[in-house]
Amino acid sequence: MEELLAPKTFRKVLWRRDGRDYEVPVFAVEGPREIWGATAAMTAALLVRLGWDGYRV
């Protein structure tokens with residue numbers, strides 16, 4: 001939890017698909033791993049319910 005809540009872990013990335021831009025949440029976790037897409041959105045939603053204000057769902 002501590003790592004997920006760290007400010008340096010979370011960022012939003014702009015992806016383009018089929019001519020549209022999408023802002024995708026990404027959590028860069030220990031090592032060269034990332035949690036992104038739907039999994040990152042669900043993780044962010046859970047963290048917000050726990051009081052985190054780093055992302056507005």
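## Exercises on a predicted model

The structure holds four aromatic pairs. The model is predicted: local features need pLDDT of at least 70, side-chain atom pairs count only at pLDDT 80 or more, and totals for chains, interfaces and linings use all residues. Residues are numbered from 1 along each chain as its sequence is written, and side-chain values use heavy atoms, with hydrogens and water left out.

**Exercise 1.** Classify the pair of Phe27 and Trp52.

*Solution.* 
- Recall the rule: rings of Phe, Tyr and Trp (its six-membered ring) pair if their centres lie within 6.5 Å; planes under 30 degrees apart are stacked, over 60 edge-to-face, the rest tilted.
- The ring centres of Phe27 and Trp52 are 5.9 Å apart and the planes stand at 40°, so this pair is tilted.
- Phe27 belongs to strand 2 (residues 20-29) and Trp52 to the segment after helix 2 (37-49), so the pair ties together parts 25 residues apart in sequence.
- Helices (H or I, at least four residues) and strands (E, at least two) are DSSP runs, numbered from the N terminus.

**Exercise 2.** Is Thr43 buried or exposed?

*Solution.* 
- Take the cut-offs: buried is under 20% relative accessible area, exposed over 50%, partly exposed in between (1.4 Å probe, protein chains only).
- Thr43 has 16% relative accessibility, so Thr43 counts as buried.
- Thr43 sits in helix 2.
- Not counting residues up to four places away in sequence, Thr43 touches Leu4, Phe27 and Ile35; contact means heavy atoms within 4.5 Å.
- Phe27 is buried too, as is Trp52.

**Exercise 3.** Describe Asp18.

*Solution.* 
- Asp18 is in the loop between strand 1 (10-17) and strand 2.
- Its relative accessibility is 73%, so Asp18 is exposed.
- Phi of Asp18 is near 50°, a positive value in a residue other than glycine.
- Most residues other than glycine have a negative phi.
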